[in-house]
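This briefing goes through the overall form of one chain and the prediction confidence of another. Please look over the sequence and the structure before reading the points below.

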Amino acid sequence: MDTEQLPDVPPVAAIEQLAVEGEAAKGTPAAGTGIPGRERGERIRTAIAYVVLFSVAALFFIPFLWSVSTSFRTLADTVAGFSLLPRHWTLSGYHDALHTFSFGRYTLNSAIIAGAITVSNLFLASLGGYAFARLKFPGREVIFLLVLGTLMIPDQLRLVPIYLMLVNWIPGWVAHLGWHNASFVNRNGVIMIQLVSAANLFLMRQYFLTIPRDLEEAAKLDGAGYFKTYRKVMLPLAGPALAAVGILTFQGAWNGLFWPAILLQDKSQYTIPIGIANFHFAYQTLWPPLMAASVLAILPILVIFIVFQRYFVAGVAASGVKG
Amino acid sequence: MAVAVAKRRQARGLGNERLREALVGYGFIALPLAFFLLFFIFPVGYAFYISRYDWQIFKGPFVGWGNYTKLYHDTVFWTHAVRNTLVYTAFVVPLEVALGLALAVVVNQAIRFRTFFRAAFYFPSLAASAAIVSIATYILASDGLFNTILNHLGYHHNNAWFGEQSTALPSIIALTAWTTSGTMMLFYLAALQSIPTDVYEAAAIDGAGAWRTFWRVTFPLLKPAHFFVLVVSVIGALQMFDQSFLIGGASGGPNYSTMTVVLYLYNQSIKNISFGYGAAIGVVLFLFIFTVTVIQRLLFGKPEVA
Amino acid sequence: MRKRLMFPALLAVVLVASVLAAGSQAMTDRAAAPKATTVTLNGWQVSPAEETKLQSVVSDFNRTHSNIKIDYQSITGDYQAQMLAKFAARKPPDVFYVDVADIRDWVGQGVIQPLDSYVKATKFSTKPFYKNLLNAFKVGKHTYGFPKDWSSLGMEVNTTLLGNNPVPKTWAQLRSVASRINVPGGKPICLSADWARMMAFVYQAGGSGQWKDATTAPFRAAVNFYVGLLNSGLAATPDKLGAGWCGEAFGKQKVAFAFEGNWMFPTMASFPGVKFTTAPMPKGKRRGNLAFTVSYSMAKDSQHKAAAWQVLKYLVGRQGMQQWISLGLALPTRVDVHAVPGRGAFTKYPASVHGWGAQKGFRHIWNDVANNELTAVIAGKESVNSMLQKIAAAAR
């Protein structure tokens, strides 16, 4: 957390390598040094370990396998008592989710909101993170504490002030600038109030702290200004951290329910979590389309996670945990 | 040539340089800071303003600290909301952190299918709360999958886990620890991966077994990670709302067992139509979280360098 | 290195452009629309069928009224939270649902428009409305809404499980018949840990139904009866029966008796094969039942009050209500609109029906205090007297 103590860190290039398949990435070297007779004991222990691991992984997976199974059932099947697999396999859940409740549209809205928020966070968090990590200006520590403090403010406390801001005050202010009848009780408002998160800024700052100063010194000697150094030296090196911020932000925005539920008035702008919540009615829950929708909702994030997980691990490595 | 130019520039005026750096610094943080001021600091200030009035939907008469003294005497708040929130935090944080660390250590080994396990353990963190809660309610119903399995194992439990006063909060704790452990795992995994292997080799040469290596070598080296993870999970746990809202039916039931501070804030604001009182609760919570974070910082001191 | 920045920058441009384009398109659409007054209508959906039905009522209105267009949006999630936020911002919908549990409080906040002047000016007849339902939305001398439909409770009986026993008509008969019935894997009666059911028994015991009277004898008698059934093993709460509510427990045949309203008919459609009948609520000292009703009301801050009144008038008028009621989910609030047949058990004793709500702070006391205390009493963690005292104290 302290900018004065720069931790002793492997050079950035090594971090890239670690992400791929470096020494440290291989983890703790396997114990055992080839003493005869130990081999069989080792193999049995390893086998047991794998069994335990797969069981635990299964435990983590079972609820989702369950929801996948339910997504292929009929509604009557879901209330008829326990059965592992659907009694009658059907695609009606997926059909309902996609058509009766306009799921395609909801997915598009989720993508627009999550995408915009992610891009904005990448830009603003890295700008701010770099400044707090590398630039000296009066009040830097205090302002940083202030930024961190925003993490401690519950959304529910901000509900009324933000709603008043979006409905009345901000439209009033921009009306003076000539933009009349502005409305923010919609998708734009949801994006606007989540442009950057203090957690992301904190993450970027930690990462920038671990980059050796020599590269910046070299850039300075070459006559580069601050923004050029940021753009040409620091930002490209921050790939892993940017990927980390990208994944976490996209996932958070994709799954967010609180602000979309309050601010999205028009059905044509609803997002996936609202759609899922809509399958709960007062006297009935439509489980098959609800589960179908949940399954569909996880797929995009899962893909993004798998693609970026190498970078993600290396990114967080150098940022959040090095102090 | 460039070096000479730069040196001369440096020699000319460190004062100018400092001023320029400061201005650039402010320039860089201008946008994010403006955003935080507009959408976080200003709303909190406005919420504090609201809390000084008898503010229902619209502004009422000025009551000064009246809402705060009312909160001081609010037994439901202290005996249920605060107690549950503290109990919840005290259990969920060690659970999710320990689970995350354990998973990270496991996935850090040179085992096969590492990528698969990494994804499997991270899976619960990927899904939306609404979906997770729906699945959990379904599975933990009195005749749901979980009880069916327990019955087969010989332990007969016929109650809904979320419906019983004694098991509702523990079930939420277990559920949250399970879903958040994946994120903690990733933080720890990253930290583990940057510990150089020579450290392990040295321990192996000294004859330390896996368990001792972990406790004497790995664990202490993770101190920066511990601090970050603890601060983040404590801040999150003290603000728990989603699960109580979706599971307890927003009444904090059964019998207040799932009532948390933020849920209480929400109910007072909306169900009891008192924005002012709710705002007072929020301000108090914010100050409490701030204090707790500062204490954590002091206790841990400056994090050590790995 | 340039490439790394190009992609996010391009993405940002595309996203911002698309969002702006979408926004401006919406504005152009609005500008091109004909000069009809748009009246916003907000409600919540209880079932997908209701949603579709209301949409068709709305399109019929839009078709037959050239100068007024209804913009209907159903509110998902927390209706109270979203409506309060809109009231606070003074940008409420023109016409909206008001649950009878909220009407007193919302009128007290000054956000509901009194309708008397509009009724008089357009000579709208209030005679066809059921008196006690209409009065539920009167505060002082003013009318603040017209009930759009109502539901009451009835007793659902599983005829297979009932066997040769008679359908119980009184508390005593309920207890004796239940003790003679055996329900495999369940209990004879399903009782919800909810005052929205138990209050009916309070009325049956001769009580006033007001939270402030919680410590009076009829309240105690009703609670003791209700909790007594649970403690004696003749009844169970739905979560102990593997159900989310008593309707589900009844559909799954885990109980022989349930006390739910006319909304059970659509629910039972998803449990085909269950043989059941409906009967009026049992009699205690006298007959008592609850009326759950919702009104169409107008916002005080509405910008189109005259047009909003036209919409409101239509929706609670004979034609609009007839169309709505044909769904069969709820009961009509006008004598000149006929209910879907088969609802006799729920409407048999209209004089015994009391509005659920219409007290100050009702929703807060019901949701945050009364139900939590009731759960404690049922779990044996609190005494009946203690609960009643806490409720009465909260109402003061």
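What percentage of the contacts in chain B with a separation of 6 or more comes from residues 24 or more positions apart? Such residues account for 70% of these contacts in chain B, two residues being in contact if their C-beta atoms, placed from the backbone, lie within 7 Å. This is a predicted model, in which local features need pLDDT of at least 70 and side-chain atom pairs count only at pLDDT 80 or more, while totals for chains, interfaces and linings use all residues. Residues are numbered from 1 along each chain as its sequence is written, and chains are lettered from A and ligands numbered from 1 in the order in which they are written.

**Fold of chain B**
- Chain B has 14 helices and 0 strands, where helices (H or I, at least four residues) and strands (E, at least two) are DSSP runs numbered from the N terminus.
- Of the 306 residues of chain B, 49% are buried, that is, with 20 or more other C-beta atoms, placed from the backbone, within 10 Å of their own.

**Dimensions of chain B**
- The radius of gyration of chain B, taken over C-alpha atoms, is 25 Å, whereas a compact globule of 306 residues would have one near 19 Å by the rule of 2.2 Å times the number of residues to the power 0.38.
- Along the principal axes, the C-alpha atoms of chain B fill a box of roughly 80 × 65 × 30 Å.

- Where pLDDT is low, the predicted coordinates should not be read in detail.

Notes:
Buried ≥ 20, exposed ≤ 12 C-beta atoms within 10 Å, placed from the backbone.
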